[in-house]
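Have the model open in your viewer and keep the selection tool handy. We will go from stop to stop, selecting a few residues each time and looking at what is around them.

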Amino acid sequence: MRLVLLGPPGAGKGTQASAIVKKYNIPHISTGDILRANIKKGTELGKKAKEYMDKGLLVPDDLVVSIVKDRITGDDCKNGFLLDGFPRTVNQGEALDRELTQMSLKLDRVINIDVEKEVLIERAIGRRICKNCGATYHIKFNPSKEEGVCDICKGELLQRNDDTKETVEKRIEVYIKQTKPLIDYYMEKGLILNVDGSKSIDAIFKEIVKALQ
Ligand code: AP5
Ligand code: MG
Ligand code: ZN
């Protein structure tokens, strides 16, 4: 199964992705996670990306497209993959299509999670991420058992640099201008599965699984 998760910042893409890849046994490819890992390691790519990410802006298409091209041609993607946060511009969508066509493959579904702006801001600001394993929590909606400590690995829970109110607002603005046009792009291809992201994490997951059957 080859899937794309589309949606504004804080909509719950990463949260649903974790459950989906477990169920279908496919790799989770999050360009945001890959870029943050590069920042942590201090690579050239990370240095370039950080300038954009801290401002809530998109990293240039050529950088992310080449990350994804490398990744989806990997052996572990033979049975499919889940792209989370890519594509994010129509240009990236077209590049993905060209790459898949070359591989004689196509996307099965584009899951579009939508949530209203006020909720997005609350979700992003309250998000906490495990420093070690990357597990995602929310101080109100999905709290860890012990405050500031990961349930899975006992790692320290941190906030993302770009999860301040100002930066989240900027990211939403960027989403509306640059990413939202992809909904029409995939609608025309008959691939869109619209999901109401305001429901509970569990209810959304059940809805997605049902629709993918
Ligand atoms: P990225 O890391 O992809 O961030 P994003 O798209 O802004 O989305 P988020 O990760 O913030 O939100 P999410 O939808 O995954 O929500 P989550 O599940 O965590 O990208 C970051 C940056 O990298 C970009 O700004 C850009 O600079 C760069 N970048 C990445 N990809 C790029 C690309 N293709 N091109 C160019 N630049 C790129 O949930 C959020 C919170 O809500 C959590 O705390 C969670 O516990 C909680 N929650 C989730 N679901 C629910 C629910 N149903 N009810 C209640 N709470 C919930
Ligand atoms: Mg995410
Ligand atoms: Zn952890």
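The tour below visits helix faces, helix pairs and a few backbone details.

**Before you start**

This is a predicted model, in which local features need pLDDT of at least 70 and side-chain atom pairs count only at pLDDT 80 or more, while totals for chains, interfaces and linings use all residues. Residues are numbered from 1 along each chain as its sequence is written, chains are lettered from A and ligands numbered from 1 in the order in which they are written, and side-chain values use heavy atoms, with hydrogens and water left out.

Helices (H or I, at least four residues) and strands (E, at least two) are DSSP runs, numbered from the N terminus.

**Stop 1: helix 3**

Select residues 44–53, which form helix 3, and pick out G46, A49 and M53, its buried residues. Here buried means under 20% relative accessible area, exposed over 50%, and partly exposed in between, with a 1.4 Å probe and protein chains only. Look down the axis of helix 3: the buried residues fall within an arc of 70 degrees, so they line one face of the helix. That arc is taken from the directions from the helix axis to the C-beta atoms. In general, an α-helix has 3.6 residues a turn, so residues three or four places apart point the same way.

Now turn to the face away from the buried side, where E44, K47 and E51 are exposed. What do the buried residues of helix 3 pack against? Show helix 2 (31–41) and helix 7 (165–179) to see the partners; contact means heavy atoms within 4.5 Å.

**Stop 2: helix 1 with helix 9**

Next, select residues 13–24 for helix 1 and 201–212 for helix 9, which pack at an angle of about 45 degrees with their axes 10 Å apart. That angle makes helix 1 oblique to helix 9. The axes are lines fitted to C-alpha atoms, for helices over the stretch in contact, and angles run from 0 to 180 degrees between N-to-C directions. Angles under 35 degrees count as roughly parallel, over 145 as roughly antiparallel, 65 to 115 as roughly perpendicular and the rest as oblique.

Show side chains for T15, Q16, A19, I20, K23 and Y24 in helix 1, which meet I201, I204, F205, I208, V209 and L212 in helix 9. By class, this contact of helix 1 with helix 9 has nine nonpolar, two polar and one charged residues. Ala, Val, Leu, Ile, Met, Phe, Trp, Tyr, Cys and Pro count as nonpolar, Asp, Glu, Lys and Arg as charged, and the others, Gly among them, as polar.

**Stop 3: helix 4 with helix 5, and E99**

Helix 4 (residues 61–72) packs with helix 5 at an angle of about 30 degrees, the axes being 10 Å apart. Helix 4 and helix 5 are therefore roughly parallel to each other. D61, V64, V65, K69 and I72 in helix 4 meet N91, Q92, A95, L96, E99 and L100 in helix 5. The residues of the contact of helix 4 with helix 5 divide into six nonpolar, two polar and three charged.

Stay in helix 5 (residues 90–102) and centre on E99. Is E99 buried or exposed? At 11% relative accessibility, E99 counts as buried. Beyond its neighbours within four places in sequence, E99 is in contact with K69, I72 and T73.

**Stop 4: helix 8**

In helix 8 (residues 181–188), select L182, I183, Y185 and Y186, which are buried. They cover an arc of only 160 degrees around the axis, which puts them on the same side of helix 8. D184 and E188 are exposed on the other side. The buried residues of helix 8 pack against several elements, including strand 1 (2–6), strand 4 (109–114) and strand 8 (192–196).

**Stop 5: backbone details**

Most residues other than glycine have a negative phi, and most peptide bonds are trans. With that in mind, select F86 and P87: the peptide bond between them is cis, with omega near -5 degrees. P87 lies in the loop between strand 3 (81–84) and helix 5.

Then go to N25, whose phi is near 55 degrees, in the loop between helix 1 and strand 2 (28–30). N25 is exposed, with a relative accessible area of 70%. Finish at K154, which has a positive phi of about 65 degrees and counts as exposed at 61% relative accessibility.
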